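Please look over the sequence and the 3D structure shown here before reading on. The report that comes after them is meant to be read with both in view.

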There are 2 protein chains.
Amino acid sequence: MTLPACRSFLDQHPQAELILVGKAEALAPAAGWARCRLVEASEVVEMDDPVEIALRKKRDSSMRVAIQQVKRNAEGVSEADACVSAGNTGALMAVARYLLKTLEGIDRPAIASVMPNQHGHYTTMLDLGANVDCSAEHLLQFAVMGSALVSAVDGKEQPTVGLLNIGEEVIKGSETIKRAGELLRAASLAGHLNFHGNVEGNDIFKGTTDLVVCDGFVGNVALKTAEGLAGMITSFLKQEFTRTPLTKLVAMLAMPTLKRFSRRLDHRRFNGAALLGLRGLVFKSHGSADALAFENALNRAYDAARNRLLDRVHDRILETLQALPGAGQSAAQPEAPAARHAA
Amino acid sequence: MTLPACRSFLDQHPQAELILVGKAEALAPAAGWARCRLVEASEVVEMDDPVEIALRKKRDSSMRVAIQQVKRNAEGVSEADACVSAGNTGALMAVARYLLKTLEGIDRPAIASVMPNQHGHYTTMLDLGANVDCSAEHLLQFAVMGSALVSAVDGKEQPTVGLLNIGEEVIKGSETIKRAGELLRAASLAGHLNFHGNVEGNDIFKGTTDLVVCDGFVGNVALKTAEGLAGMITSFLKQEFTRTPLTKLVAMLAMPTLKRFSRRLDHRRFNGAALLGLRGLVFKSHGSADALAFENALNRAYDAARNRLLDRVHDRILETLQALPGAGQSAAQPEAPAARHAA
């Protein structure tokens, strides 16, 4: 699936160059492609490899060598502007964090992706599973990184930010969420964020805000719940339209309409999650992506690189931390790990 | 909406009796109904009333008087076997907890409801929003209460239990979730639960387990996310089928199929959440329920009362706590409040 997606991507973007990393036999079909360099790696991180194996044993894995391509040298120059992988998410995050390190002011990288919304556009959401426990300061960092992502990829300079909660009122939620709300409001008043306030699960699909911020546990549950429900609804619709010869006939007549409908929900169009907060751009494609889905992940990475996502995240984080010294004091919060960004 | 639902409920259940509680003018149309007693209350808790108002000011509210009907006296006798309200959830939980108190062995009551699943059946889930922060011990209590609910209402003696997590492996999730997994496994080994293991958001709709256990924050986000996505999908389907005169014609032909489809997802069929862990049965209907939805909430409460849900929860909790002394030691866990059920 990867090679046809790469071929189509190169055809669509005459300015783009690709570096393909993998085992020699996997790369062979791409030999001789213009604007495409092949880099061999002798190993592959498997989907069920523990993080430790990916980090310590497989030192010549395609994943590791690919991430190495985006590592900047002392002069700030790297071989590639972004890396895209459809591999093991946990391993990808761990290897990327180990090799690239986090940006100044960021305690933990987060995974951001998009979901379709009622406006026919999409809602960006993070974190989707990299961090199970988050402090209020982490949620603020996610909001800043996510805003940079939306502004880079969608061109909205001041995307609206919602804090995922179980009610709209400021008194709702856990202590961490309430404190995150305070930090986000302060950042918004200082002009560094466009904070809308609390949002609920249904607001993701209403498109109430451009960005929805939450911890990785809640985000992952919301994402998987949505995938599960979409799958069930699709299968119910199929069952009803294939129930009898008559319904099958009606289904044939309704086919163009049903196809338009299912295209609007097609998760392949939303493939390509950003690993934000690292000193390099890394994008994660769904492991079961087909060529169309993988090409979308390549497009998202390409757009992010062209629009200088890395510099934007870097600049926004520094700006926010300088304006809000409290936001960097996570070392003073018992729930947060020692901060590496003491102002 | 309430009165037509009550009228239909009485007609459907010749053994049932209703006590209607409310303002005199609201009750007037039910005057003279057989098997129906009217109890006046001078006040009403509004949807936006703070919990404090419901608890301290409106002492003659219909909500409070209705809950009072299920409070047992010293001989263990109460006026009503269950209470159903479509009012303010926070106020209902607070007033019910204040008047009825929690069952022995239960630290916090939880809200349980059902979602449709791919098997054409439904998955029971709790907590859906009563508790934002939960300890491992609370999650075990939810599992035990939820199992009692499923066995009472569905007649499954050993319902399977899933712990909502962000991966199936036991090493996934926060410390609280991992410890909850250990408690659930121990309770399962001792024969007090049928613990399947970790489940993910998509498993709710796959119907992997009969019961899904989670904290109230995660449960509420999952529920609202599902509601939001279902709403968006329905509106996309409508938009596509009303796009042109031709698609409208096809929609007319497809109407019986589309109706069967939407009936399978009809949230009214799943209305009626149980407030579990109290010394009395209280059910919550959705605030915007129509007559059909409210009648379903009445049916759920009636089934629970007939099947002795209260005694079942009580017995199961005691049984589990005796077998697993660790499960009652939440006072030893820093994240849990002082336990009232020290063995």
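## Basis of the model

This is a predicted model, in which local features need pLDDT of at least 70 and side-chain atom pairs count only at pLDDT 80 or more, while totals for chains, interfaces and linings use all residues. Residues are numbered from 1 along each chain as its sequence is written, chains are lettered from A and ligands numbered from 1 in the order in which they are written, and side-chain values use heavy atoms, with hydrogens and water left out.

## How the two chains meet

On chain A, 50 residues are in contact with 50 residues of chain B, where contact means heavy atoms within 4.5 Å. About 4,700 Å² of area is buried between chain A and chain B, and carbon and sulfur atoms give 74% of this area; buried area is the accessible area, found with a 1.4 Å probe, that two parts lose on being put together, summed over both. Between chain A and chain B there are also twelve residue pairs in polar contact, with both residues at pLDDT 80 or more. A polar contact is a pair of N or O atoms within 3.5 Å; within protein, one must be able to donate a hydrogen and the other to accept it, and residues adjacent in sequence count only if both atoms are side-chain atoms.

The side of chain A that touches chain B draws at least two residues from each of α7 (175–189), α8 (203–206), α9 (216–241) and α10 (245–265) of chain A, and α9(A) gives the most, with 21 residues. Helices (H or I, at least four residues) and strands (E, at least two) are DSSP runs, numbered from the N terminus. By type, the residues on this side of chain A divide into 25 nonpolar, 17 polar and eight charged, with Ala, Val, Leu, Ile, Met, Phe, Trp, Tyr, Cys and Pro counted as nonpolar, Asp, Glu, Lys and Arg as charged, and the others, Gly among them, as polar.

## How the copies are related

Two copies of a chain are related by a rotation about an axis and a shift along it.

## Salt bridges between and within chains

Side chains of opposite charge can pair when their charged atoms come close. A search of the whole structure finds 32 salt bridges over all chains, and the count between chain A and chain B is six; a salt bridge is a side-chain nitrogen of Lys or Arg within 4 Å of a carboxyl oxygen of Asp or Glu. The side chain of Glu240(A) meets that of Arg264(B) in a salt bridge (3.0 Å, N to O), and the side chain of Glu240(A) also meets that of Arg260(B) in a salt bridge (3.0 Å, N to O). The latter pair crosses between chains, from Arg260(B) in helix α10 of chain B to Glu240(A) in helix α9 of chain A. Glu240(A) is buried at 2% relative accessibility, whereas Arg260(B) is partly exposed at 38% (buried means under 20% relative accessible area, exposed over 50%, partly exposed in between, with a 1.4 Å probe and protein chains only). Glu240(A), Arg243(A), Arg260(B) and Arg264(B) are linked in a network of salt bridges.

Within chain B, Glu157(B) forms a salt bridge with Arg312(B), their closest N and O atoms being 3.2 Å apart. Glu157(B) lies in the loop between α6 and β6 and Arg312(B) in helix α12 (residues 309–323) of chain B, so the pair ties together parts that are 155 residues apart in sequence.

## Two buried residues

Ser85(A), in strand β3 (residues 82–85) of chain A, is buried, with a relative accessible area of 12%. A polar atom of the Ser85(A) side chain lies 2.9 Å from the backbone nitrogen of Gly87(A).

Asn202(B), in the loop between β7 (194–199) and α8 (203–206) of chain B, counts as buried at 17% relative accessibility. Leaving aside its neighbours within four places in sequence, Asn202(B) is in contact with Lys224(A), Thr225(A) and Gly228(A).
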